[in-house]
Amino acid sequence: MTDLTAIPRLARSLARVVEIARTLVKYGLGDVLKKLDYHFVRRCTRDTEVARISEETREARIRLALTELGTTFIKFGQVLSTRRDVIGPSLGEELEKLQSDVPAEPFDVTRATLEAELKRPLAELFSAFEEEPLASASIGQVHRATLPDGRRVAVKVQHPGIARRIEDDTAILAELAALAERFVPELRTYRPVKLVAEFERTLTRELDFRRELRHLQLFRQAFAKDPCVVFPEPVPAYSTGRILTMELLDGTPFNRPDELRAAGADFAALAQRGARVFLDMVFRDGFFHADPHPGNVLYLPPTPERPGGAIGLLDAGMVGRIDERLRERIERGVVAAISKDSAALTEQVIQVGDVPAHFDAAALQCEVADQLAFYHGMPLGQFQLGTALNEMTDAVRRYQVALPPTVALLLRMLVMLEGTGRTLSPAFNLIELLAPYQRTLLMKKLSPRRLLRRLGTAVEDWDELLRTLPRRAGTLFRMVQQDGVSVQLLHRHLEPSVNRLVFGMLVGALFVGSSMMWAFGAPPLVWGASAFGVAGCAASVVLGYRLYRAIQHTGRLEERDDRE
């Protein structure tokens, strides 16, 4: 029965579905045209938009299509860029270029949103509020303002109706993903349904600005003793699910090297300091900023409190969390990579990831061993961690191993972190900064406190198992008594054997019966012999010979099956 509540959404989304289909066809035609080698087709389409699209790479066409489809699809592409284990490094790098700049809302609309969310007139909320926004992205726009107590703040205001628009688009995306997974076999390896579900969870959380506020509070607590790292201080009293008010950081983004040079910044020192901040998040706190894009990292000029300047970090909407079990897996993977233990590293990948049904662990181990051998002993000046991680991620993708979202975020963060560092200083090498953390990991692994904690966890697990074992055993016995347990036997490739057995029994019966008719002279007689007896024996000999040949060649009854 059709869900009647879905009909209004379908009618509301019909025009959007048509727009999506038209866009996908347009960029798909570009892909087809690029493969054609007919000169008259190229001449006819020389000055058309499709011809211009066909000159782009496949990855670029995907990015252009997502850009044209708007906010939700741009965000989908940005989330996909974090899953290089699924889409591959080349497409991931292309999707990182997606920008979600959109026209700003009129100030009257922004004012109405602020007053509706904060329940007070704008003049009472702020002593000054700039109507022209600093930036306008897909989710919201940011304005400078001043609180009544004189603090300068940045106010992030969500676009009206964006939640409804995203809800409709994600519903369409989910339907497209289900169709792709069902009818397009080459897309099944990308796990489109799972990707869209993950995207929907990520975007739903990003729409709630209270999460970003909490992330800022946690980051400020973790780096409270480090004056060289600054996160904007949020203002909870002026924030809601659709409004985020936070401290305004006046600094120069890392993606403006000329302005950084004019401000007297030391590029090499900035690259190393910024990298250490993110490595501390991963290996010390287990809670990291997952988007170290150069535009999100600021250089803050020196002040009396921080004479050497500081690094400011913006946009804490996308974060990763590493729990104790995952941290242990990562640590074991790092140790295995350092010791060139391809078997141990492959085992960690299998333990962490979601492997397919027919996974070839030995083949992946051979590829991991080859990559470890290639990079082992390479001079640090030549070693690039980002390239090595991209190659490892590509290998994992080819064997269809899906990594957990947190691990995918971590790998992307490390690749992006090295890229940002090399943008500032070509001599920057992230692997050099990892050496102290390797020693720290080893000391933590051997620390008595951690060993006691792991022992306590093991005791709790065994205690829970022993306490629940009698109840589970009792449940199993009751199911057996009530005939609630069934054993299902699966057989594979037994059909040819069964067919041969049945056919052989029929041939044997025919031969025995025909022989008896021949022996007893069953009429009609031809030259003194039973006609049916002779015919039956001849037929049984022919069929028996065919059965013998079928067994020798294919194990099937028909020789034409062998040719098929």
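Modeller: Helices of at least four residues and strands of at least two are DSSP runs, numbered from the N terminus. The model is a predicted one, and the part to look at is a nonpolar surface patch of about 540 Å², made by Phe511, Val512, Met516, Phe520 and Val541. Helix H23, which covers residues 495–519, supplies the largest share of this patch, namely three residues. Phe520, by contrast, sits in the loop between H23 and strand E12 (525–526), and Phe520 counts as exposed because its relative accessibility is 69%, where the cut-off for exposed is over 50%.

Most residues other than glycine have a negative phi. Gln400, placed in the loop between helix H19 (385–398) and helix H20 (405–424), likewise has a positive phi, near 60 degrees, without being a glycine. Asp315 is partly exposed, with a relative accessible area of 34%, and Gln400 also counts as partly exposed, at 34% relative accessibility.

As for how helices are arranged, the axes of helix H17 (residues 342–352) and helix H18 (residues 361–375) come within 9 Å and cross at roughly 125 degrees, so H17 and H18 are oblique to each other. The crossing in which H17 passes H18 is right-handed.

Conventions. Residues are numbered from 1 along each chain as its sequence is written. This is a predicted model: local features need pLDDT of at least 70, side-chain atom pairs count only at pLDDT 80 or more; totals for chains, interfaces and linings use all residues. Side-chain values use heavy atoms; hydrogens and water are left out. Patches are made of residues with over 30% relative accessible area and no salt bridge: like charges are joined within 9 Å, nonpolar side chains (Val, Leu, Ile, Met, Phe, Trp, Tyr) within 5 Å. Accessible areas come from the Shrake-Rupley method with a 1.4 Å probe; for residues, only the protein chains shown count as cover. A salt bridge is a side-chain nitrogen of Lys or Arg within 4 Å of a carboxyl oxygen of Asp or Glu. Buried means under 20% relative accessible area, exposed over 50%, partly exposed in between (1.4 Å probe, protein chains only). Axes are lines fitted to C-alpha atoms, for helices over the stretch in contact, and angles run from 0 to 180 degrees between N-to-C directions. Angles under 35 degrees count as roughly parallel, over 145 as roughly antiparallel, 65 to 115 as roughly perpendicular and the rest as oblique. A crossing is left-handed if the near helix is turned anticlockwise from the far one by less than a right angle, and right-handed if clockwise.
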